[in-house]
Amino acid sequence: MTTSSFGVTYDYRCPFARNVHEHIVEAIRGGADWEVEFVPFSLTQSHVEEGGTPVWEDRDKVSDLTAIEAGMVVRDRYPERFLDVHIALFTARHDEGRDLRDDSVVREVLKANDVDADAVFDAVAEGWPRQVFRRAHEASVTDHQVFGVPTFISGDASAFVRIMTRPGGDAELARTTIEGVLELLTGHPEINEFKHTSISR
């Protein structure tokens, strides 16, 4: 593998972000020695038309941001709980079909993972998570031309990647899957686009 330090964007609504982040977390739990930056990215903001109201300032879109902001509070203030909460939010959205725009759903995920939901939502209400979220999103767009999730970032290299499989509890599979992506990202900068024309079943 050519790097052990990298970032990956996410928005909990994306199933491909779910797949990638499950692989990353499974590998870390299995002992992968990586330094990973979990980079929040707003798919809502990415679809705002030029001249439109940014999602960060749109009162009608506040609920689109809450789950990520809550996750960021856990990441920054309760880091020992972050991986569990991170995956649980993906699970709530994609395996359980729950609506993360509903504060009560996010609160239940936090409580189920031994995090003080009131403290997290108090932090969200302070406003700093949205400021951090906005800076992270805008930096990824400005510095790496990120347009979606999941995007891997390492140094000056970045690539939007879709992994079709989930790790299924296999830490070794998870590790080799992510290392394969990183090898292409940092070891083969001459490859600009590599896309299968069909999906194997």
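In which segment is Ile191 found? Ile191 lies in the segment after helix H8 (171–187), where helices are DSSP runs (H or I) of at least four residues, strands are runs (E) of at least two, and both are numbered from the N terminus.

Colleagues, this is a predicted model, in which local features need pLDDT of at least 70, side-chain atom pairs count only at pLDDT 80 or more, and totals for chains, interfaces and linings use all residues. Residues are numbered from 1 along each chain as its sequence is written, and side-chain values use heavy atoms, with hydrogens and water left out.

Ile191 counts as partly exposed because its relative accessibility is 37%; buried means under 20%, exposed over 50%, and partly exposed in between, with a 1.4 Å probe and protein chains only.

I turn to the aromatic rings. The whole structure holds seven aromatic pairs, with ring centres within 6.5 Å (for Trp, the six-membered ring), and planes under 30 degrees apart counting as stacked, over 60 as edge-to-face and the rest as tilted. Phe6 and Phe152 form a stacked pair, because their planes stand at 25° with the centres 6.1 Å apart. This pair links distant parts of the chain, 146 residues apart: Phe6 is in strand S1 (residues 5–10) and Phe152 in strand S3 (residues 151–154). Both Phe6 and Phe152 are buried. The rings of Tyr10 and Tyr12 have their centres 5.3 Å apart and their planes at 50°, so that pair is tilted. Tyr10 counts as buried at 0% relative accessibility, and Tyr12 counts as buried at 2%. Finally, ring pairs join Phe6, Trp34 and Phe152 into a cluster.
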